[in-house]
Protein chains: 2
Amino acid sequence: MSLRAQRGVATREKVVAIARRLFAEHGYEGTSIEAVLHESGLSRGALYHHYAGKDALFEAVLEAVEAEVGRAIVASVRGVEDPRQALVTGCLEWMRLAGDPVVRRIVLIDAPSVLGWERWRAMEERYAFGMLKAALQAARAVPEEFTDLHAHMLLAAINESALLVARGGGPEAAEAALEDFLRRVLGPTP
Amino acid sequence: MSLRAQRGVATREKVVAIARRLFAEHGYEGTSIEAVLHESGLSRGALYHHYAGKDALFEAVLEAVEAEVGRAIVASVRGVEDPRQALVTGCLEWMRLAGDPVVRRIVLIDAPSVLGWERWRAMEERYAFGMLKAALQAARAVPEEFTDLHAHMLLAAINESALLVARGGGPEAAEAALEDFLRRVLGPTP
DNA sequence: CCGCGAAACAGACCGACTGTCGGTCTGGAA
DNA sequence: TTCCAGACCGACAGTCGGTCTGTTTCGCGG
């Protein structure tokens, strides 16, 4: 890679890291481009050279977070043979990860509003949701024709659990409830 | 009621109605206070006399929508004796109502981001979520200690169904899937 | 009937923010 | 060495949310 391209990549990574922190702390609306510029030492022109606008920057941040979470979930189910158990394990891991304020605020709260539900869903499809759907298919726990819709509903339920953990009451109760919920949806173990 | 108070109420209702349409069409960020002022013919001073800020106006709009939806759901389950069936009926009705773009955009997509998840949840508690929780308790389908958390997860799942209907594929599939999902969570009919 | 307080309303104004645009600098290919 | 594309710069325009200082209008006690 040429020195120029390297510099470009480094700049983008730096900006995304800073924006990620600010978006998580103050939300999308509460974060000004100027703050990102100030903290990164970059100029307006430079930032707008790399990203078309504030929403494009947010999308880049979202993609980075989703990719990171995706890797963590894959790692958590490595070695689990039973597809049903892998599903439960992966879901619980996702719930724990979504307990991170960064994930909560960026992925679950702001993303649908900023990008619009369609673009948000398309992003999720490539990460968390895609994996859940595949796992649900492998487990063969629900009728074929419902796989897609049930995967959506399950993911929404899991996300809600993650948000509830932050409310208080500790993660133990939420984990127990989620596991019970999952086993109900998946049906009796064969 | 005095003439002055009447005028105030009328003004608020007018502004809320206009803001509701604009928020639903263009989202919270995409709607400017100026647009609301222009369409309502009101002045800045007048609007800020009634609402502390843009988010307060949004909250008023949200409350109006929630109240309306709440009344519709109550009406839909009137006459249904079996609590379990009432639960299913009410959920399906909520899913249909949430198919309305106004409800989708305002209640499901923008509200958590604009008001923050806590304030949004507090609002839902007084309307849709409160009813769902009560119904779940009456049906005695899930363990006592899980009622609250399961109600949250269920509501999230239902909301997701509503958003999926808008994506396409028609409401029939979503309704069938939701009903199947509900019956799984509620367990076998006693 | 008068006048006073308060609510409703008006609109100029301010600071902050996003996005644009012409221009500069530099790495690397020709 | 020449030259161009991409990285970067910063002044500027336009918009928006919110504030502030009046002005009008209603209700009510004197």
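Here is a short chat about a few helices and their contacts.

Tutor: This is a predicted model, where local features need pLDDT of at least 70, side-chain atom pairs count only at pLDDT 80 or more, and totals for chains, interfaces and linings use all residues. Residues are numbered from 1 along each chain as its sequence is written, chains are lettered from A and ligands numbered from 1 in the order in which they are written, and side-chain values use heavy atoms, with hydrogens and water left out.

Student: Are H9(A) and H9(B) parallel, antiparallel, perpendicular or oblique?

Tutor: Helices here are DSSP runs of H or I, at least four residues, numbered from the N terminus. The two H9 helices, residues 147-167 in chain A and in chain B, pack at about 135° with axes 8 Å apart. Under 35 degrees is roughly parallel, over 145 roughly antiparallel, 65 to 115 roughly perpendicular and the rest oblique, so H9(A) to H9(B) is oblique.

Student: How many charged residues does the contact of H9(A) with H9(B) have?

Tutor: Contact means heavy atoms within 4.5 Å, and Asp, Glu, Lys and Arg count as charged. Among those making the contact are Asp148(A), Glu160(A) and Arg167(A) of H9(A) and Asp148(B), Glu160(B) and Arg167(B) of H9(B). The charged count is 6.

Student: What is the phi of Gly79(B) near?

Tutor: Start with H4(B), residues 54-77, which reaches 35 Å from its first C-alpha to its last. Gly79(B) follows H4(B), and its phi is positive, near 100°.

Key: Axes fitted to C-alpha atoms, helices over the stretch in contact; angles between N-to-C directions. Expected span 1.5 Å × (residues − 1).
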